[in-house]
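Student: Please put the structure up, and let us go through it by question and answer.

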Amino acid sequence: RIVPRWEASDAESLVWVADPGRLTALLRALEDPPGFVLCEWGCYSQQFLLDGGEAVEGVYTWIAHSHFESPKARGDLFKYRANLATIAPNAGWSEVGLQSWMAGRLFEAAFTTLLKVEPELSTREALIRIAKEIDFYTADGILPVTNPGGGEPTPCFVLMVVRNGQWVQEYPK
């Protein structure tokens with residue numbers, strides 16, 4: 001259904017925010033692939049590379065931290081990689097997994113603060129209130145400063161592209 005519409009549109013680029021597997025299927029089905037494809041961070045995984053093969057060459061994504069295998073990665077990214085290697089060595093890394101780790105760290109930060117304020121009778125409402133007050137958050141060094149309580153993500157990003165079957169950092173150089 002999408003392929004004929006795409007081919008008739010003369011579009012040259014594609015921004016994908018849905019299931020990465022469906023993007024791979026679409027790219028394989030197209031006679032001429034788009035000149036530029038940006039997939040949301042859900043595509044940033046080992047599995048996307050394995051499943052996509054040549055069809056995903058040149059696909060871009062963005063992330064808000066150092067790339068997963070960067071020797072310059074900071075903070076909890078090392079801890080996440082070590083835990084993943086210990087707990088699920090064959091699972092392969094993914095941005096979805098790392099985002100879950102960072103969300104867990106945010107919950108931990110809010111809950112730790114809540115226990116200092118209301119050690120005896122913590123409530124869900126109080127936890128939400130505390131979380132909304134967090135205005136300086138780095139996921140223990142993974143992210144540049146963010147303001148989750150104010151709904152403000154970091155203005156920083158890393159642009160990654162698939163080259164020769166691997167995610168390669170394209171920006172910043």
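Student: Which residue forms a salt bridge with aspartate 76?
Tutor: A salt bridge here is a side-chain nitrogen of Lys or Arg within 4 Å of a carboxyl oxygen of Asp or Glu. In this predicted model, local features need pLDDT of at least 70, side-chain atom pairs count only at pLDDT 80 or more, and totals for chains, interfaces and linings use all residues. Residues are numbered from 1 along each chain as its sequence is written, and side-chain values use heavy atoms, with hydrogens and water left out. The closest N and O atoms are 2.5 Å apart, and the partner of aspartate 76 is arginine 105.

Student: How many residues apart are aspartate 76 and arginine 105, and in which helices do they lie?
Tutor: Helices (H or I, at least four residues) and strands (E, at least two) are DSSP runs, numbered from the N terminus. Aspartate 76 belongs to helix α4 (residues 76–87) and arginine 105 to helix α5 (residues 95–117), so the pair links distant parts of the chain, 29 residues apart.

Student: Is aspartate 76 buried or exposed?
Tutor: Buried means under 20% relative accessible area, exposed over 50%, and partly exposed in between (1.4 Å probe, protein chains only). Arginine 105, at 16%, counts as buried. Aspartate 76 has a relative accessible area of 5%, so it is buried.

Student: Why does the salt bridge between aspartate 140 and arginine 105 tie together separate parts of the sequence?
Tutor: The closest N and O atoms of this pair are 3.2 Å apart. Aspartate 140 is partly exposed, at 43% relative accessible area. Because aspartate 140 lies in the loop between α6 and β4 while arginine 105 is in helix α5, the pair joins parts that are 35 residues apart in sequence.

Student: Which residues are linked in the network of salt bridges?
Tutor: The structure holds six salt bridges. One of them joins arginine 163 and glutamate 170 at 3.3 Å, N to O. The linked network consists of Asp76, Lys79, Arg105, Glu108 and Asp140.

Student: What is the handedness of the unit made by β1, helix α2 and β2?
Tutor: A crossover is right-handed if, with the strands pointing away from the viewer, the path from the first strand over the helix to the second runs clockwise. Helix α2 covers residues 20–29, and its unit with β1 and β2 is right-handed. The next crossover, from β2 through helix α3 (residues 46–52) to β3, is also right-handed.
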